[in-house]
Amino acid sequence: MSTTRERATGDLYDQLVLEDRVHRRIYTDQDIFTEEMTKVFGACWVYVGHASELSGANAFMTGTLGGRPIIITRDAGGDIHVLLNRCLHRGATVCRVERGRAKRFVCPYHGWSYANDGSLTGVPWPSGYAPEFDPAKYSLGRARVAVYRDFIFATLHPSPPAIEDHLGAARPLLDYWIDRFPGGKVTARSGAHRMDCQSNWKLVMDNSTDGYHPAFSHRALLQMAQRLGETKDMAYFAESPDDGDMYCRYLGNGHSFIDQRPNYRKPGDYWATQRPTPGREAIEARIRAQYGEEEATRLLDLTVGSQMNLSIFPNLLIIGNQIQSLRPVAVDRTILLWQATTSEELPEELNTLRMRTQEDFPSFGEPDDLANFGECQRGLSIPEVEWVLMNRGYGIEGRQSLDPDGGVTAPTTDETPMRGYIHHWKALMQSDTPVVAEGVA
Ligand code: FES
Ligand SMILES: [Fe+2]
């Protein structure tokens, strides 16, 4: 492990992150993981949930912020708070259920009670405390909160950048994805696919804009589609993914993107290339009869994915029509949530089809990825083989282009997004941003 001097000068991360490769220790070292939970998951804007999951006054849900248990609440006035789920008395969590509705949280240990904005509202038998005991000093710790078009972000950075600045070049892409929903309003379904990855969280991030692996990792899924005798969604990954108009891009601030949209050229293509879905033909026939050809084509296209893989550093992944978020649990364990999305303005049958997509890639494709994440973690446990290559597309003149906004665009199978985000990660790990919870005396 590093010496104090290495850490103080940042030498360690200069040694572990090179231009075209990273050291295995960034995925396996417990001390580095602990440091990340402060420098990345403490100091960055971290996605913690979607406002549609907090419907109505006094709704709440629990989650994590870099491993810290949190409660995300909506108070009676509609404001959203992200509270550290840790009683100020002796440290117990005050909320122990996944979601619900509550004006206050009463700590099960000795009964201290907190309003859903975090303030301490009462302690049992207060005469047992000295006169100078001031309840105002014992509210639950709070993270700073930013809500961007219903996406809730939290941070312990004392003076974070505006969320719009953090999103940067990812922002118009997120806007595009949200604006595909009628009225620009997304409903995130709380019944998520919950996947337990036996791997470091960065292996999930690395893969989120990896256009090199689908042809091989997801061969069974792609062959299943081929047997249907038609070109189906993602088939282009198996053919010559670098030759078409599809591309990958590093967007800056750790964010990255694969754009599959150029493979879809006319209205109806999205719908036509989807793999079989239960109810597909019957619902399609009803929608076409009810809405007419043009409107039905538009609506049916909205039931399938956006053909975007947008990774918003450090833990929000917009893939297809789903919202994924990752929660680091340990150096070699990560929880990955996949949430379906619906629209209050789409006919209910089409929302059903949208939710059916949860049975497609997350069931038939993501297990391939999970297996590889776990096997990478196992392989990376071998100390004698030190380096992880991220050099695909590196050092080839003219292969990637600098975008006017500072991003980098490259052929789909290049590891450009990985090199970009890992250097952003390195800069954060070399920085000394203090992290603090608001409200803690
Ligand atoms: S630990 Fe919460 S009231 Fe004692
Ligand atoms: Fe994959």
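This is a guided tour of the structure above, stop by stop.

The model is predicted, so local features need pLDDT of at least 70 and side-chain atom pairs count only at pLDDT 80 or more, while totals for chains, interfaces and linings use all residues. Residues are numbered from 1 along each chain as its sequence is written, chains are lettered from A and ligands numbered from 1 in the order in which they are written, and side-chain values use heavy atoms, with hydrogens and water left out.

**The iron site**

Begin by selecting the iron ion (ligand 2). Its protein donors are His213 (NE2), His218 (NE2), Asp369 (OD) and Asp369 (OD), at 2.1 to 2.3 Å. Donors are N, O and S atoms within 2.8 Å of the metal (3.2 Å for Na, K and Ca); water is not among the atoms, so sites may look incomplete. In sequence the donor residues follow the spacing H-x4-H-x150-D. Helices (H or I, at least four residues) and strands (E, at least two) are DSSP runs, numbered from the N terminus.

Both His218 and Asp369 are buried. Buried means under 20% relative accessible area, exposed over 50%, and partly exposed in between (1.4 Å probe, protein chains only).

Why is the arrangement around the iron ion (ligand 2) irregular? The four donor atoms subtend angles of 56 to 143°. Four donors count as tetrahedral if all angles lie between 85 and 135 degrees; four count as square planar and six as octahedral if opposite donors are over 155 degrees apart and all others between 65 and 115; anything else is irregular.

**Aromatic pairs and charges over rings**

Next, select Phe41 and Trp201. Rings of Phe, Tyr and Trp (its six-membered ring) pair if their centres lie within 6.5 Å; planes under 30 degrees apart count as stacked, over 60 as edge-to-face and the rest as tilted. By this rule there are 19 aromatic pairs. Phe41 and Trp201 form an edge-to-face pair, with 4.9 Å from centre to centre and 90° between the planes. Because Phe41 lies in the loop between helix H4 (30–39) and strand S2 (46–50), and Trp201 in helix H7 (residues 201–208), the pair ties together parts that are 160 residues apart in sequence. Phe41 is buried at 1% relative accessible area, and Trp201 is buried at 0%.

Select Tyr47, Phe151, Phe153, Trp177 and Phe181 together to display one aromatic cluster.

The charged end of Arg261 sits over the ring of Tyr176, 4.5 Å from its centre, and that of Arg280 sits over the ring of Trp271, 4.0 Å from its centre. A charge sits over a ring if NZ of Lys or CZ of Arg is within 6 Å of the ring centre and within 35 degrees of the ring normal.

**Two buried threonines**

Select Thr341, in strand S20 (residues 341–342). Thr341 is buried, with a relative accessible area of 0%. A polar atom of its side chain lies 2.5 Å from the backbone oxygen of Asn321. A polar contact is a pair of N or O atoms within 3.5 Å; within protein, one must be able to donate a hydrogen and the other to accept it, and residues adjacent in sequence count only if both atoms are side-chain atoms.

Move to Thr155, in strand S11 (residues 151–155), which is likewise buried at 0%. The Thr155 side chain reaches the backbone oxygen of Ala43 at 3.4 Å and the backbone nitrogen of His157 at 3.0 Å.

**Backbone geometry**

Most residues other than glycine have a negative phi, and most peptide bonds are trans.

Asn253 has a positive phi of about 55° and lies in the loop between strand S14 (247–252) and strand S15 (255–259); at 32% relative accessibility, Asn253 is partly exposed. Gln307 has a positive phi near 60° and lies in the loop between helix H13 (293–301) and S16; at 5%, Gln307 is buried.
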